[in-house]
Amino acid sequence: MQSSTIRQYFLDYFSSKEHLIMPSFPLIPQSDPTLLLVGAGMAPLKPYFTGEKKPPHPRVATCQKCVRTPDIDRVGHTGRHATFFEMLGNFSFGDYFKEEAIAWAWDLVLNGYRLPKDRLWVSIYLDDDEAFKIWNENIGIPADRIIRLGKEDNFWEIGLGPCGPCSEIYYDLGEEAGCDSPDCAVGCDCDRYLEIWNLVFTQFSREPSGELVELKQKNIDTGAGLERLAMALQDVHSLYEIDMVKPLYDHFYSLAPADRRKQEVPLRILTEHSRGTSFLIADGVIPSNEGRGYVLRRLLRRAVRYGKLLGIEGDFMTDAASLVIDTMASAYPELDERHEYIRQIVRLEEQKFQETLTQGMEILDGYIEKMSRQGDEVLPGELAFKLYDTYGFPLDLTAEILDEQGLHIDRDGFESNLKMQQERARKASRAVTGAGNEEKYKAAAGLETEFTGYETLKQETKALFLLVEDESRSEAVKGDKIEIILDKTPFYAEAGGQIGDIGMIEAGRGRIAVENTFFSASGQIIHRGVVEEGKIAINDSVKAIVEGERRRGICRSHTSTHLLHRALRNRLGDHVNQAGSLVAPDRIRFDFNHFAALNREQLLAIEEEVNKIALENVTVRAEEKTLEEAKELGATALFADKYEESSVRMVSAGDYTHELCGGTHVSSTGEIGLFKIASEEGIGSGLRRIEATVGMAAYRQTIEKEEILQNIALMLSTTESRLDQKFNEHWAEYKQLLKSNQDLKQRLAATEVKSLMSALKKVDGVNVLSASVTADSIDSLRMAMDEVKSSVESVVVVLGSVSDDKVMLVGSVSPDLVKRGIHANKIIKEVARQVGGGGGGKPELAQAGGKDVSALPAAIESVEGLVREQLEAVS
């Protein structure tokens with residue numbers, strides 16, 4: 001049975017059991033900041049299990065794409081471990097429980113997939129007699145085929161809260177897949193007994209006391225690995241042999257040199273990691289040194305390293321991405337939609353690592369050799385950090401390479417160096433943020449604020465909560481720095497890149513200048529400011545007034561980001577997605593995914609498109625839609641944002657752009673005025689940043705440039721319209737003068753060298769010329785050296801000069817003399833030391849500088865002795 005059939009059969013089966021079939025969620029958790037990536041079928045459904053959200057149906061079934069890395073070291077070494085996999089699952093939220101879950105799982109495995117009964121085994125939790133009874137008496141499984149396992153294997157819990165026993169279905173792949181141990185049985189760590197389905201019965205809550213309390217609402221969470229089911233149904237012993245993975249394995253097998261194709265582990269690692277990288281990128285993950293980006297980088301770079309060990313050349317991971325897409329796109333169309341983007345990101349990261357891999361490996365090999373000589377078994381953390389920070393070696397890759405040699409990393413030392421770097425970065429970029437210590441808001445738990453700022457900038461309201469100097473107070477007086485929560489507010493709290501509003505809060509007895517508005521961690525709108533006059537108390541009636549001109553500027557900027565986003569996608573491709581932004585009153589900063597710098601023509605076309613839509617003065621409207629309705633209209637959204645299924649806010653500029661957005665906007669694009677791109681730059685692997693000005697700021701930017709052009713035209717005695725022509729005339733004249741100057745310097749150098757030839761000495765039969773000359777730059781000094789070399793076939797030359805109170809030195813040794821053991825870099829290094837400087841180069845050519853001008857004559861005089869020493873050293 002093909003994998004696609006297995007997947008569909010599972011979903012159809014549970015659809016017939018009145019389950020709502022939901023599509024796979026993205027790998028980036030949409031509403032759970034505690035998770036880096038979705039690593040289980042139940043992870044996206046966690047709010048339904050905890051009661052935080054009402055499920056769309058009491059019964060749900062999914063096929064969820066997952067990435068999980070704890071077993072990454074076992075990938076390739078076994079036939080069943082993977083970082084990327086598809087998890088088939090059926091879930092019950094307070095509806096059915098053990099009896100139905102067990103009966104349906106067995107029915108599907110036995111009668112649906114028709115797996116042979118004599119190769120199926122069952123495990124239960126040690127004390128779960130209820131599950132034993134269902135399996136034994138209801139289903140008819142003999143007691144000797146029901147294995148009781150302990151808490152480590154068959155009891156699911158994560159800290160406090162919901163937990164429960166598990167029951168698993170195993171498939172026996174046969175003795176040939178086993179470990180030959182006489183104790184090999186269900187629960188053995190070899191590949192023989194393959195767990196194909198795990199049924200979790202969430203029936204308890206773990207209390208702080210450690211006690212297990214029975215839950216009123218019991219849930220079912222099951223997971224059947226698609227790849228493992230395929231192994232059983234296709235009668236193969238590893239996931240690398242199933243229909244949707246084998247083409248990848250065969251691809252890498254064909255790329256490897258014939259004498260290395262028996263190295264199965266590297267081939268498996270390449271195969272497995274290529275799947276995860278493609279899916280992660282498709283869901284919006286970008287390689288980086290932190291968070292989920294680090295997971296992607298680790299997978300990609302680990303694969304590249306193993307590919308190189310196999311002797312595979314070129315961008316092999318890039319080509320493999322296309323094969324993953326071709327194989328999996330029918331089930332996951334987002335892969336095909338982002339095909340070229342996935343390839344570009346993989347290629348960029350692959351090539352970037354290949355550039356440093358060889359150099360990094362040479363350095364690591366040097367570390368290993370030194371450790372071996374000294375009898376050390378632990379690589380210092382600072383050296384591991386250098387490989388990570390400078391050469392892009394993920395820590396786990398360094399650890400894996402060391403482990404192959406029986407060595408280890410000082411992880412504490414690495415973490416210490418990493419924390420020091422992070423602290424330096426925080427200090428360099430620290431800005432004033434909103435909430436800070438969240439403990440101070442505990443007294444405000446349960447208070448809610450109605451936001452009215454879409455409709456008005458002024459609001460009659462009431463003070464609900466006050467903090468003075470981070471302490472809860474009932475009253476604040478003049479001069480107090482305060483934070484205040486209101487019943488209703490027109491103030492927009494910083495979110496989605498849009499900065500928070502400022503303004504005034506007026507009370508009958510006082511006035512507050514609001515300096516920032518932000519969300520607390522629990523989602524409350526906090527107004528931070530200073531009491532300018534009088535006093536204010538809890539329950540006072542107040543008037544909240546947003547600073548209007550600033551807000552209108554922010555609205556212009558925010559709508560501009562939507563137009564820019566659409567223009568970028570139109571001009572560069574649908575792979576472009578917003579990765580961050582700053583929306584200020586007169587400027588924007590927009591970060592986006594793209595794999596190359598934008599040229600001037602592209603930037604002008606994008607800028608023109610935005611201004612064209614602004615001139616058309618199309619209506620901007622905000623509407624409440626269901627998520628599905630918004631998607632049908634082509635609305636774009638940030639991958640990691642949280643969107644409730646029931647209703648989302650969609651902001652549209654005519655039919656040009658539709659985005660899910662909670663920000664404030666103009667009512668028509670004509671209000672934007674002028675839009676000017678100020679800069680475009682790279683800010684990371686696959687990430688670009690555009691900064692632009694909007695409205696009057698864009699107008700002022702244009703005027704400033706015009707003034708610069710007018711001043712230049714005035715200096716060149718021409719008009720702005722003829723400036724280009726006049727500049728080209730002056731440029732041609734400048735280049736001619738530059739050439740004449742170079743020719744003159746060359747002639748002067750030649751003349752000076754002729755006078756220097758009398759200083760040519762013989763040192764043990766070697767021509768040596770060392771002297772101080774007149775030169776205004778290192779280039780002029782090299783020119784003089786070249787003149788000497790062209791006059792004498794075999795010679796050691798060292799020339800020095802003084803410019804701007806600094807010493808310049810150059811040295812050269814003819815190739816025949818290098819073979820005799822004379823090295824220019826060694827001579828120059830010693831001469832530079834004598835003048836209080838340093839330098840280096842190659843045996844044939846070197847240069848240096850120094851500070852001690854007075855020491856130059858003696859340093860030049862020492863050259864003959866340095867040449868003699870090198871000759872004696874090799875004789």
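In this predicted model, helix 12 and helix 13 are roughly antiparallel to each other, because their axes cross at roughly 165° and an angle over 145 degrees counts as roughly antiparallel. Helix 12 spans residues 339–374 and helix 13 spans residues 381–391, and their axes come within 10 Å. The crossing of this pair is right-handed.

Which residues of helix 12 meet helix 13? On the side of helix 12 they are Phe353, Thr356, Gln359, Gly360, Ile363, Leu364 and Tyr367. Their partners in helix 13 are Leu383, Lys386, Leu387 and Tyr391.

The C-alpha atoms of glutamate 355 and tyrosine 391 are separated by 9.1 Å, although the two residues stand 36 residues apart along the chain.

**A second pair of helices**

Two packed helices are described by the angle between their axes and the distance between the axes. Helix 16 (residues 548–572) and helix 17 (residues 600–615) can be treated in this way: their axes come within 9 Å and cross at roughly 135°. Helix 16 and helix 17 are therefore oblique to each other. The crossing of helix 16 with helix 17 is right-handed. Helix 16 contributes Leu563, Leu564, Ala567, Leu568, Asn570, Arg571 and Leu572 to the contact, while helix 17 contributes Gln602, Ala605, Ile606, Glu609, Val610 and Ile613. Nine of the residues in this contact are nonpolar, two are polar and two are charged.

The table sets out the geometry of the two pairs.

| Helix pair | Axes come within | Crossing angle |
|---|---|---|
| Helix 12 and helix 13 | 10 Å | roughly 165° |
| Helix 16 and helix 17 | 9 Å | roughly 135° |

**Two buried residues in strands**

Histidine 527 is found in strand 20, which covers residues 525–537. With a relative accessible area of 1%, histidine 527 is buried, because residues under 20% are placed in that class. Which side chain makes a polar contact with the side chain of histidine 527? The partner is the side chain of threonine 489, at 2.8 Å. Leaving aside residues up to four places away in sequence, histidine 527 touches several others, among them Ile482, Ile484, Leu486, Phe491, Ile505, Val514 and Asn516.

Arginine 206 lies in strand 8, which covers residues 193–206. This arginine 206 is likewise buried, with a relative accessible area of 16%. The side chain of arginine 206 makes a polar contact with the side chain of glutamate 157 at 3.0 Å. The side chain of arginine 206 also reaches the backbone oxygen of glycine 210, at 2.6 Å.

**The chain as a whole**

The protein chain has 25 helices and 34 strands. Of its 875 residues, 51% are buried. Along the principal axes, the C-alpha atoms of the chain fill a box of roughly 110 × 85 × 50 Å. How many of the contacts between residues at least 6 apart in sequence join residues at least 24 apart? The share is 68%.

Conventions. Residues are numbered from 1 along each chain as its sequence is written. This is a predicted model: local features need pLDDT of at least 70, side-chain atom pairs count only at pLDDT 80 or more; totals for chains, interfaces and linings use all residues. Side-chain values use heavy atoms; hydrogens and water are left out. Axes are lines fitted to C-alpha atoms, for helices over the stretch in contact, and angles run from 0 to 180 degrees between N-to-C directions. Helices (H or I, at least four residues) and strands (E, at least two) are DSSP runs, numbered from the N terminus. Angles under 35 degrees count as roughly parallel, over 145 as roughly antiparallel, 65 to 115 as roughly perpendicular and the rest as oblique. A crossing is left-handed if the near helix is turned anticlockwise from the far one by less than a right angle, and right-handed if clockwise. Contact means heavy atoms within 4.5 Å. Buried means under 20% relative accessible area, exposed over 50%, partly exposed in between (1.4 Å probe, protein chains only). A polar contact is a pair of N or O atoms within 3.5 Å; within protein, one must be able to donate a hydrogen and the other to accept it, and residues adjacent in sequence count only if both atoms are side-chain atoms. Ala, Val, Leu, Ile, Met, Phe, Trp, Tyr, Cys and Pro count as nonpolar, Asp, Glu, Lys and Arg as charged, and the others, Gly among them, as polar.
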